[in-house]
Amino acid sequence: MNYQQTIDYLYASQPAFHLVGASAYKPGLDNTYRLMAHLGNPHEQLRAVHVAGTNGKGSTSHLIAAALQAQGYKVGLFTSPHLVDFRERIRISGEMIPEETVVQFVADNHAFLEEVRPSFFETIMAMAFWYFVEQQVDIAVVEVGLGGRLDSTNILIPLLSVITNIGIDHTEFLGETLAQIAEEKAGIIKPNIPCVVGETHPETQEVFLSRARVCNILGDGLETTDCRLWFADQCGYMRKRRMKEVPACQLKGSYQEKNQQTAFVALQILRNICGVELSKEAIAKGFAEVCTLTGLRGRWEVLSQKPLTICDTGHNGHGIRYVAEQLSNLLASSPHRLHIIFGMVNDKDIDTVLALLPTEAVYYFTQPATSRALPAEELCRRWQALHPIANTQLPIANRQSSISAFSTVREALTAAQEAASADDIIFIGGSNYVVGELLRIYS
């Protein structure tokens, strides 16, 4: 098989969550341990940072990886999903895994994959860990796929665990409440392994404290020197010291401030508790050049200036809240119109997301090319039901309805570009898949 045939085989034989949703989800670690044993248990040979969370875990992972790269380490980075190229998921020091290596891995392990029938995620995680060990990375930064406790990546015994935040998402797998979801995310906390929690909430903090007690990282309490649990949003690094100034960052979304603080605290722990050599200069360089160093895209990314065109991968209520705030701030500082191209998949809390979006905008609802896509017409109907007054007050753009449905992202983008003046703002988001298609168009 060539590279494209190999990718087609992976999608066809091992259904991928990003394409088919819940039917691809295989909770439990039995298949993962079988894969690892078959490959010589590469997970046992990795020095790793393990990153979970509802939102921000990708950005936080890239920030940590970038700082380690800037220090001169050979850094493996495993994230999901990809936006444009499958190989974005597996990188070493910013470079994507070569196509021929993907082909080699599948060819060498084809018979075993046919026998075990792992999920798509299990296979690519195994590929990543095998590749990182083959290439002798110094340290790997590994993002959880879904949840934590039952996620395939939870076979790791890392140097450090990081949990960015807890929000309502994937309730069919993780639970209906913040506390239930926190229980699943807290499952990555390991005995005697330090952990950083980025954001806490009254419903979730006790969950983390309880898990920390079980794992013997709370010591005699949060104010003692034997504590190995840090809440980055409360007292900062080491609990008794003021939060140091977080370096300037290439990621410009206002919501990224929380991810930057979480990553910054995690890097302090890696340096001062885990014994990883890491200078202030390397951390500053990693933050300032994170996208350049790691290839991160789609996080409040400016694609053009006239009109100002921005995309972002925020896709649930917790993430969209910050995106909506920043859009409202942009609109408040500009006399011009806001054009929003928006599409979602059908397993999200659609109404919660739509209710958060600004009403003072021209909407181009669309749908990504995946079976999980919510039809654009359905998004229109649900928007109108949530905003009955706003529907009659939105401006009309070049005789185009203020709320329109488009069957493809390309058609929606073309319509917005034709309607927008050079001084207007175009935002594209709602789903990783919408942003991925947009980036392919721009590429």
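**Two helix contacts around α5**

Let's start with helix α1, residues 3-13, and helix α5, residues 99-116: they pack at an angle of about 40°, with their axes 9 Å apart. Helices here are DSSP runs of H or I, at least four residues, numbered from the N terminus. Axes are lines fitted to C-alpha atoms over the stretch in contact, and angles run from 0 to 180 degrees between N-to-C directions.

A word on the source. This is a predicted model, where local features need pLDDT of at least 70 and side-chain atom pairs count only at pLDDT 80 or more, while totals for chains, interfaces and linings use all residues. Residues are numbered from 1 along each chain as its sequence is written, and side-chain values use heavy atoms, with hydrogens and water left out.

Back to the first pair. Which residues of α1 make the contact? Tyr3, Thr6, Ile7, Tyr9, Leu10 and Ser13. From α5 come Glu99, Val102, Val103, Val106, His110, Leu113 and Glu114. Contact means heavy atoms within 4.5 Å.

Next, α5 with helix α6, residues 120-134. Their axes come within 11 Å and cross at roughly 120°. That makes α5 oblique to α6. On the α5 side the contact uses Thr101, Val102, Gln104, Phe105, Val106 and Leu113. On α6 it is Thr123, Ala126, Met127, Trp130 and Tyr131.

Note on methods. Angles under 35 degrees count as roughly parallel, over 145 as roughly antiparallel, 65 to 115 as roughly perpendicular and the rest as oblique.
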